[in-house]
Amino acid sequence: MMEQIQKLRNIGISAHIDAGKTTLTERILFYTKRIHTIHDVKGKDGVGATMDFMELEKERGITITSAATYCKWNGFEINIIDTPGHVDFTIEVERALRVLDGGILVLCSVGGVQSQSITVDQQMTRYHVPCIAFINKCDRSGANPFRVKDQLIHKLGHNAVMLQLPIGLEADFQGVVDLISMKAIYFDGSNGENIRMEEIPAELVNSAAEYRDMLIDEASLFSDELTEAALEDQITESLLIDGIRKGLLAKKITPVLLGSAYKNKGVQTLLDAVTTLLPDPSEITNQAINYDDNNTEVVLENKSDKPLVALAFKLEDGPYGQLTYIRVYQGILQKGATIYNSRTSKKIKVGRVIRMHADQMEDIQSISTGSIGALFGVDCASGDTFTSEKIQLSMLSMFVPEPVISLSIKPIDNKSEIQISKALTRFTKEDPTFKVSVNSETNETIISGMGELHLEVYVERMRREYNADVEIGEPLVAYRETITKKADFNYIHKKQTGGAGQFGRVAGFMEPVEEHFVFTNKIVGGSIPTQFISACQKGFKDCMDKSPVYEFPITGVHVVINDGASHSVDSSEMAFRAASIGAFIEGYRKAKPTILEPIMKVVVETPPEFQGSVMSSLNKRRGMIVGSQDQGNYCTIESYVPLSEMFGYSTVLRSSTQGKAQFTMEFDSYRPVPVSIAEQIKKESELSKKKSH
Amino acid sequence: MNKKETYSPHQLLDTLVQNYRTKGGFGAVIARAGVGKTALLVQISLYTLMQKKNVLHVSLKDSIQKVCLWYDEVSNKMNRLFPEKNIDPALWDTILAHRMIMTFGENRFEPSTFKERLSDLTEQGIFYPQLIIIDGLLTKKDNRSDFKALKTIAKEHSAFIWFTIQSHRHEITHSKEFPPSFIPIKDLFDATLQVIPKGDSIDIELLTQMPIDAPIPELMLDPETMLIRQSN
């Protein structure tokens with residue numbers, strides 16, 4: 001059993017968009033004999049890469065869903081999760097990293113470490129995923145893997161060490177020099193499938209020796225045996241690999257491999273590195289929280305005879321029903337077994353257990369400890385933990401960012417309406433960053449997500465997969481309101497319409513606060529009877545959903561009630577609730593309300609010659625430029641820009657920098673909008689209200 | 001100003017900047033490594049920013065995030081020590097709006113590149129610095145020409161530049177003595193702030209040719225907070 005787990009690798013392939021990870025995955029599947037022909041991402045054969053199985057992904061050349069796949073290499077079982085590279089899909093990357101034991105960070109030898117690589121690297125660090133770097137596209141014009149290695153050191157803070165040297169570069173890229181075996185490796189045959197090992201070319205002998213010394217120096221810091229062997233000049237391949245591996249597992253070394261997936265070079269050596277260097281599941285400590293035992297952390301054991309603990313890390317609604325991707329951390333998940341969802345305490349009978357290969361599947365009997373598979377027909381949410389006993393054990397929750405942008409969608413006919421509803425149910429289950437709500441006034445369906453592209457892709461998927469034609473509205477920014485000063489209120493609600501009347505007086509003040517909403521009761525002497533206090537609190541809290549001024553949700557209000565009056569007959573919960581609503585409106589208008597808007601942290605990477613125009617474009621968008629970082633042949637500009645000004649920015653940036661700059665954007669905070677913009681927002685909201693009536 | 005009244009540290013530093021700005025004034029904070037040069041410069045910058053004047057902070061050693069952290073740290077300490085000068089959220093927003101950070105990788109700082117970057121900012125009306133802080137530029141035997149070029153840039157943009165100058169333990173034994181590497185460029189400077197640890201305290205010695213119509217206060221760095229204060 002132990003031997004079996006030692007021959008298992010759960011790896012993810014993460015990178016910047018267009019660094020070539022889908023092509024790399026495709027080649028891995030070819031060399032591991034999971035597929036028999038190679039299709040390129042934007043291939044002329046019209047088939048597309050195997051991992052990008054959704055039609056839309058093939059068309060755009062981007063990977064949207066992280067398809068899990070399984071392959072074998074030199075007796076090792078490898079589960080690969082292909083992850084999207086665009087920032088709008090980071091939840092996919094986050095999910096994948098949660099269940100991985102190691103990663104391949106793919107970098108482009110021309111583009112180098114770009115802003116998205118930094119985000120991906122931060123995510124790997126958050127989940128303590130040790131990784132090896134693969135510098136791809138060494139055949140491209142302008143390829144410089146040494147510069148990329150330096151960027152790994154300076155920009156990402158990795159202790160990057162070369163494991164290989166390139167033999168030729170750009171159009172002359174022929175193969176690699178392996179610094180462990182000190183052999184030159186060439187990849188022959190039409191698909192690079194025949195590996196030829198030869199002596200190192202004479203012109204590279206000196207530099208290979210120099211880089212091998214550097215590699216030994218770094219690796220010997222983690223292995224005393226290697227240090228001793230180095231002193232006695234008796235270094236063996238296994239000692240060197242052991243030293244590198246120890247450094248890698250401690251996240252202190254990042255081995256760098258080279259190649260060109262497109263030209264079929266360097267992929268097999270990368271697979272060798274995956275099996276020899278990256279950790280097996282037993283080498284990673286995984287913890288769960290035991291809710292039954294005062295939320296204590298429990299270390300999970302990679303043993304099949306222990307009770308089952310498994311995590312549902314991804315859901316997909318396929319043609320055969322819901323598919324739940326599972327990683328087993330402890331115990332074994334067998335077909336026909338009874339398991340519990342620890343969140344809902346529901347009992348589940350395990351039906352079909354499968355292993356995924358992109359969009360094809362293979363039935364298996366069980367998922368062993370440390371491995372990844374999928375279940376059919378299990379009702380659960382993404383992030384749920386399954387156990388074999390009825391215990392409240394949960395894997396640490398995954399980090400889910402809040403959506404920042406929304407869009408209204410409208411079906412164009414009845415048929416589409418039904419289809420949209422189906423699609424939205426599926427998408428929200430699959431993706432926790434994608435949310436759906438209904439605007440109670442306009443009755444429009446609102447979808448919210450992490451960026452323009454994120455929402456665009458879902459709208460496209462509705463059209464393609466569900467034949468649902470939708471009209472989309474302008475992107476909407478999630479504004480909020482808050483108060484800026486303390487204000488008193490004293491409101492009497494009085495109604496006499498025959499029969500029992502309504503009476504309640506509520507007095508106090510409201511003031512700005514950091515939290516969303518705080519209610520303090522300072523009533524003494526029973527001026528408001530205790531039984532009505534909760535009705536008051538409810539009345540005030542209900543007002544937070546929609547402001548009486550600009551009608552946006554309110555945040556940051558502390559309500560204090562310190563006086564009031566009641567009537568022995570006419571006072572009721574309803575009367576005090578109404579009085580509180582009146583009091584809130586009265587106080588709120590006096591408390592100098594202001595609109596808050598989401599501010600995004602925008603990082604642009606551009607060649608230095610466009611720095612001025614990029615800064616100017618950010619400045620025009622009410623951006624506050626924090627600074628610029630000169631990195632020689634490119635520079636990074638950091639700024640904070642209101643989200644409302646960022647729509648269509650990618651087009652503007654492309655045209656003003658000849659397509660050479662790129663940017664990433666993430667939510668930072670809510671800030672007050674300037675008065676002139678507040679007026680404009682108010683006018684627009686009034687106009688849209690008139691239109692909807 | 002009443003002649004009997006001494007300058008507060010920030011008034012004094014501000015007067016320096018105002019007097020020499022149009023002439024491309026230079027100031028140097030001279031200290032050994034780890035004594036508090038950056039902390040001192042960040043305070044000088046914060047004093048200027050609080051008056052809604054633009055400061056360009058150029059770092060040749062730290063990243064943008066690290067420079068931002070310096071400002072957060074120093075302003076937090078100022079808030080704790082001088083609650084009467086509290087930097088409230090509104091003032092902090094103003095400070096950020098008036099601050100721009102520029103960082104250069106190792107050995108990538110050239111006066112010509114800096115001139116280009118600065119022109120990018122001013123020609124498009126994005127930012128006009130009144131005070132520039134250059135942290136981490138080394139004084140070498142052969143880089144007087146770099147300092148001269150920077151002086152021209154400062155003059156063109158009517159900005160005062162504060163530099164950090166690192167001294168070595170063995171170089172300075174007496175106060176008012178400059179590190180040997182600084183002496184060849186000393187004439188370009190209009191003021192120096194020398195930070196000298198003395199026993200439990202850290203003294204700051206200001207040397208300037210500027211005529212000052214009030215007694216110069218005796219300054220020191222609080223060893224715990226690294227904030228400037230007047231000696232008792």
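Helices of at least four residues and strands of at least two are DSSP runs, numbered from the N terminus. The model on display is predicted.

**First stop: chain B.** Select chain B, in which 6 helices and 9 strands are found. Of its 232 residues, 38% count as buried. Consider next the contacts in chain B between residues at least 6 apart in sequence: 75% of these join residues at least 24 apart.

**Second stop: where the two chains touch.** Display both chains; here 15 residues of chain A are in contact with 17 residues of chain B. On the side of chain A that touches chain B, the elements giving two or more residues are helix H15 (611–620) and strand E35 (624–630) of chain A. The most is given by E35(A), with 7 residues. Sorted by class, this side of chain A comprises 4 nonpolar, 9 polar and 2 charged residues.

Now select E35(A) together with strand E3 (residues 99–104) of chain B: the two run parallel and are joined by 4 bridges. Within this pairing, Gly627(A) stands opposite Ile101(B).

Select E7, E8, E9 and E10 of chain A, 4 strands that form an open sheet in the order E7-E8-E9-E10, with antiparallel pairing. At the edges lie strand E7 (164–167) and strand E10 (194–198), each of which pairs on one side only. On average, neighbouring strands of this sheet are turned by 30° against each other, direction ignored.

Focus on E7(A) and strand E8 (residues 175–178) of chain A, an antiparallel pair joined by 4 bridges. Leu165(A) has Val177(A) in E8(A) as its bridge partner.

Definitions and conventions
Residues are numbered from 1 along each chain as its sequence is written. Chains are lettered from A and ligands numbered from 1 in the order in which they are written. This is a predicted model: local features need pLDDT of at least 70, side-chain atom pairs count only at pLDDT 80 or more; totals for chains, interfaces and linings use all residues. A residue is buried if 20 or more other C-beta atoms lie within 10 Å of its own, exposed if 12 or fewer, and partly exposed in between; C-beta atoms are placed from the backbone. Two residues are in contact if their C-beta atoms, placed from the backbone, lie within 7 Å. Ala, Val, Leu, Ile, Met, Phe, Trp, Tyr, Cys and Pro count as nonpolar, Asp, Glu, Lys and Arg as charged, and the others, Gly among them, as polar. Two strands pair if DSSP finds at least two bridges between them. Axes are lines fitted to C-alpha atoms, for helices over the stretch in contact, and angles run from 0 to 180 degrees between N-to-C directions.
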